[in-house]
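Subject: Handing over the four-chain model

Hi,

Here is the structure I promised to pass on. Have a look at it first, and then read my notes below.

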Amino acid sequence: MSAVPLPAYLMLALILFCIGLFGALTKRNAVIVLISIELMLNAVNINLVAFAKYSLNPGLTGQIFSLFTITVAAAEAAVGLAILIALYRNRKTVNVDEMDTMKR
Amino acid sequence: MLQMSWLIPLFPLLSFILLLLFRKSKSESTAWIGVLLTGISLVMSIGVFLAVWQGEGIKTEGTWFQMGERAITMGFEVNPLNALMLVIVSLVSFLVHLYSKGYMHGDDRFPVFFAYLGLFSFAMLGLVLSPNLLQLYMFWELVGLGSFLLIGFYYFKPEAKAAAKKAFVMTRIGDVGLFIGMVLLFWQVGSFEYDEIFASVKNGDLSSGMLTLTALCIFVGAVGKSGQLPLHTWLPDAMEGPTPVSALIHAATMVAAGVYLVAAMYPLFQASEAALTVVAVVGGLTAIFAASIGLMQKDIKRVLAYSTVSQLGYMMLALGASGYVAGIFHLTTHAFFKALLFLAAGSVIHAVHTQNIEEMGGLWKKLRITGPLFLIGALAISGVPLLSGFFSKDEILASTYADGKYGLFWLAVIAAFMTAFYMFRLFFIVFTGEARGETEKGVHESPGVMTFPMIVLGVLAVVAGYLNTTWFGTFLSDYLAQGAVELPHGDHHGPAWIPLVATLAAALGIALAYLIYQRGTLSRDWITRSLPSLSDVIYNKWYIDEGYDQTVVKGTRGLSKLGVLFDRYIVDGLVTAVTTGVQRLGRVGSRVQNGQVQSYGTAAIFGIVILLLIVALTGGYFS
Amino acid sequence: MNAWLLSILIFSPLLGVLVLMFVPSSDEKSIKWLGVLGTLFPLGIALVVLSAFKMGGDELQLTEKFSWISYEVFQSKGQVSYPIFYEIGVNGLSMVLILLTAVVSVLAAIASFSIKQNWKSYFILFFLLEMGMLGVFAAQNLFLFFIFFEITLIPMFFLIGRWGYLEREKAAYSFLIYNGVGSAILLIVFVALFMKTGTMNFQELAYTFSLPQAELNQLFITKGFKMGMLIALLVAFAVKLPVFPLHSWMVRVHVQAPPAIVMIHSGILLKIGAYGVIVFGAGMFPDQFKSLAFVIGLFGVINLLYGAFLALTQTDVKRVLAYSSVSHMGIVLIGLAAGNTSGMTGAVFQVVSHGLISALLFFLIGALYERSGSSELSAFGGVAKRMPILAGVFLAGGLASLGLPGMSGFISEFMAFLGLFEKMPVLAAVGTLGLILTAVYVLRAVLSITFGAEKEMPESRDLSSSERVPAFVLLAAILFIGIYPAWLNDMLRPTLDAILLGLGG
Amino acid sequence: MTGEMIAFFLLALTAITGGVLLINLTNVVHMVVALIFTFIAIAGIYITLSAEFVAVVQVLIYSGAITIIMLFGIMLTRHQEKEKKAPRLKIILTGLTIGLFFLIMYGKIKDLNFGQQNVELHVENTKKIGVELYSHYVIPFELTSVLLLVALIGSIILAKRDDDEKEAKK
């Protein structure tokens, strides 16, 4: 029954991860940066689930782990947005370039 | 008696310590501490000498400290040579102590002066008693310290300060030579002991090049201490010290230590013909060179100082020309008559309070004791027959001639002529003629404590010559022949005309001085006018001091200045360059820190990628 | 009692800190006296330790060893445990240096009477510094050594920076930076050694490195590694010693720090560098050390001559002495480079002797500064007239410094050069030039202060009785070592023999 | 070419297209919408990997909740619709770094094969996950709930605090 080999899934995850990384590092809108991070997390989840099926000792662990990841990602998205909104209220911008208080 | 001889140096040391404790005492009776303790040393030295005369000798050593398997030893040794030195040193020291009681009267730091004298005597006696080179070197330096302290006794005078420093540094240059020679010998022989060194020299354990090298290094030490040619300039300057010091240190004892050193290491020198030749040539050149300077000096003590340098050159010449006995003999007689001359000069200075001979004159009538004693000294040093200097100088000339060094022989004869001339120039100017300057008033003879030592030395200056004469017996050479040193080929009494030549030279010198300075037959500035440039050069001591100033001193100082600049701009500059570099880097780095999270993220990712790349390339297993 | 003796000694200065805590910081007099008492206490214990120390006994005595930190690491060859012990002990060399530390600390505490402000924090730092120094010499493993080594740096930084002269901050910073770089190198070396061998104990390390190369290969220790470690160690300690061209911080510190601190610094802290080179360099990597001997000797001679040349024309007496320290540390290197009995003995003697001499000289400079408010040579003249004792002791110290026989400086110079002449006669002959130059600059400095026409000074009293104690004690020690070196020599022999055995000379 | 293969390729294509659109579109809202495709495609991928429960959760959380939150975020903060491009240099540098990263990882994973697969995984998948979660992973599970609670309260406070402060100032 085998068809799709493990490297194919890993490759897909890698491509998505790279896209997400690129977005997180170059996009200027903070919301998009957050979404890109979600995309990266998704890529990781694909890996987890793929390894749950193809690996030295396969099992459910990978899937359960991806569930936890999804949960944490949801929490992260919520907190991230809350921070974003708080920041927007203060500074009237969601532009990442303009968030350079670390420098000052 | 001999077992106790190690106590001899300790009495002056005790005197040094006691007098330092009584430093603040105003009473001048503190001098008696020094006189008494050196007196004890003198008595013991004579006892030792008599014992050695009968053929005894002793050497005792103990471990000073252990260096690996080798023990460095300390101890004392009495042999004919150093027993003689003991007597000379303690005698002159005792007399000078006594003399100083009068001479230093009224000085603020009266006890300190005697303390220093004690320190010096301790060091000098210790030097003489040393059984090995290391111990000799240690006392050698201490002697230098004593000399330094005493030259700088009038510490508030800038000249004294400069002279003390110069004396220390110049002799130190020589000492370093001695140091190198000593250390080289140690690694060749494995010991500092004279005996072992001589034994391995005899066995031919050392290559001839090494023999010459070590001998010359040791000779450099002697050159420094004895004021021989390239390193003589400190000795005349050392006359800034009180006159008794000049008599003790810079005439009779310390400066003779160089000669003593060469004599003590004589087997080493004998083994190297080249070294002996160097010794002889340096000695001969020094003799005539210093004598030539002595012709024109105006300071009574400087004339005597150059005379000392010249006479030390004689001794070196004798040793270099295989005249071991002659050298020691001259050392002995010179110690007496030169000390006498210095003390007499001190007495004159004490009376007239100046050292410039042109401000003196006609003192013969005023100084009824000093005058005749000075005359005795002058006659002795000039080599007038029947006085001590005649015999010893004659022997030196004879041995030089016998050794085949004819050029040096004639140099020595000319030097003898010059010696006679400048001594009598001094005598005639100071003691005869009209009183000059304002010093004539209140001139009085020195007190008894000062004249007594001079009288003793005067007697010795006359009779010391009979220690070793062809007429009455060669006591001294028989005595020295007992020593460890194997004397070179017998006695070399050259042709009979040598004493005649020597006497003639002395007589000519005296006569010329008489004609110029007493009778006025020849004008005083006769030479000056006829040979202006030469006399100028001589008067300025051949410009040696200036030459050293221009080359060595300036060079060293320049090098030092250069070093300071190097330190400031290169060494510190490098440091500054590094710090500014780091600062610049920091500024660049801070520009990278633009506060933008994404840039930081990019940098972090970049770092991770690099690490991953390394892992991927190295195979991923960190071995 | 003996089991804990050494620890008690090391931490005894802390008692002083504890007592000082309860003294109001305005009470100048009692703080100063407590300062002296607080250093006397370690001195007393040091003397007890000395009496417990058996001369010619085992090489290492009064050892203490407790497990301290231990962690385990998985490596390709399996699980390896890395234990770190608290282990201390004394051998002849460290006993001598501990004694020197205790003595100089007391005298420096007395010299600290001239400190004008913040006495309380001054003495607290002072005690910490003493603890660090005692610990450095007693430590028997790299970890402890490093910790104590660092403990000396911090109090020193503040002592220079707060109580020094005009440019004190700059001096303190350059002190910290140079020594910080030195310790960084040291740390890397120590960690590397620990990683490779799994032990930090000096003796075990020395034993490990003395194994045949075939066995060392199993531990991945190559000859190149050893050489690299040695060079790094030498560089690290060269900063401390200091060796040309890393000396400029030391000159600055000598000029700017308060005299009492310079006594400690020049008397003891510089010696840590020499101690390190002896224990780590010659003790652990003898073969490599021997192959570097010429370079070390060359640096020794350069140091000797460079320091001497620069001291010649300095106008500030403190600078003269600072460069003279550079010069004298050259002699230590010369002795080490010789690598034979006399050279090693000479180097260690120089360490002790220079400690005493420079402490004495800086003490006197401090006294002079207090009276005249200057340390320029031109400000002085004819001091011998009003202050004969000060001038006399100063002259004696100067003479000791230029190596006059009968004083400690001579023995060390003589032994060091004796050693070098066996191995590298030409280099040694060049080095002897330094002996002449030393005489010139020492006399120039000493004479222009004590001799000559008298110059006006704000105050011209001779040494007071509290000042005489340090001066005379130091002078007596210098003379004692100079006249009877066998005492010190017997103490050092077992240690030096062990090192020399490794060096094979 | 099995059906699974075709399904995988289609899903993968959709996911990557969504990702590329996310990068290239300029309107922020469009970007989020493009991403919804990706999320759904990933859910499909999960199904091919016999993870039905995870797939369902993926649809619920990502395609549903998170996307909606993001849209709310955009609407609450919007002040410019169009996304401005970052500086070219930055894009190139980041792109190069990520490209390098891609190449390294690609080299490492392209031949990865453990040679076996779990064929039982799709049998009673949801039930087995439930059993595992409430037995073996119960503590992490409870901790996750705590985390969610903290996130909930935290976001409310973060989003609200400013108003309180402003009121307090008034």
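A quick word on naming before anything else: helices (H or I, at least four residues) and strands (E, at least two) are DSSP runs, numbered from the N terminus.

Two bits of housekeeping. This is a predicted model, where local features need pLDDT of at least 70 and side-chain atom pairs count only at pLDDT 80 or more, while totals for chains, interfaces and linings use all residues. Residues are numbered from 1 along each chain as its sequence is written, and chains are lettered from A and ligands numbered from 1 in the order in which they are written.

**Chain A**

Is A:Arg28 buried, exposed or partly exposed? A residue is buried if 20 or more other C-beta atoms lie within 10 Å of its own, exposed if 12 or fewer, and partly exposed in between, with C-beta atoms placed from the backbone. A:Arg28 has 18 C-beta neighbours inside 10 Å, so it counts as partly exposed. Between A:Arg28 and A:Leu14 there are 23 Å from C-alpha to C-alpha, at a sequence separation of 14 residues.

The axes of α1 (residues 6-26) and α2 (residues 30-53) of chain A come within 8 Å and cross at roughly 165 degrees. Axes here are lines fitted to C-alpha atoms, for helices over the stretch in contact, and angles run from 0 to 180 degrees between N-to-C directions. Angles under 35 degrees count as roughly parallel, over 145 as roughly antiparallel, 65 to 115 as roughly perpendicular and the rest as oblique. α1(A) and α2(A) are therefore roughly antiparallel. Their contact (two residues are in contact if their C-beta atoms, placed from the backbone, lie within 7 Å) includes A:Leu6, A:Tyr9 and A:Phe17 from α1(A), and A:Ile32, A:Met40 and A:Asn47 from α2(A). By class, the residues of this contact are 18 nonpolar, five polar and no charged. For the classes, Ala, Val, Leu, Ile, Met, Phe, Trp, Tyr, Cys and Pro count as nonpolar, Asp, Glu, Lys and Arg as charged, and the others, Gly among them, as polar.

Chain D has six helices and zero strands. Of its 170 residues, 25% count as buried. Among the contacts in chain D with a separation of 6 or more, 55% are between residues 24 or more positions apart.

Which of the four touching pairs of chains has the most contacts? That would be chains A and D. Chain D puts 73 residues into the contact and chain A puts in 64 residues. On the chain D side, α1 (3-24), α2 (28-48), α3 (52-77), α4 (88-109), α5 (125-135) and α6 (138-169) each supply at least two residues. α3(D) gives the most, with 13 residues. That side of chain D is made up of 48 nonpolar, 16 polar and nine charged residues.

**Chain C and its neighbours**

Chain C does not touch chain A, and the closest C-alpha atoms of the two lie 23 Å apart. Chains C and B do meet, through 38 residues from chain C and 38 residues from chain B. Here α20(C) gives the most to the chain C side, with nine residues. The chain C side has 23 nonpolar, 12 polar and three charged residues.

C:Gly431 lies in that helix, α20 of chain C. C:Gly431 is buried, with 26 other C-beta atoms within 10 Å. Leaving out residues up to four places away in sequence, C:Gly431 touches C:Val301, C:Leu304, C:Ile334, C:Phe417 and C:Leu420. C:Leu305 is 126 residues from C:Gly431 in sequence, yet the two are 7.0 Å apart, C-alpha to C-alpha.

Elsewhere in chain C, helices α6 (residues 142-163) and α7 (residues 168-197) pack at an angle of about 175 degrees, with their axes 9 Å apart. That makes α6(C) and α7(C) roughly antiparallel.

**A hairpin in chain B**

Strands β1 (residues 58-67) and β2 (residues 70-78) of chain B run antiparallel and are joined by nine bridges; two strands pair if DSSP finds at least two bridges between them. B:Ile58 has B:Val78 as its bridge partner in β2(B). Two residues lie between the strands of this hairpin, and B:Gly68 takes a positive phi near 65 degrees.

Over to you!
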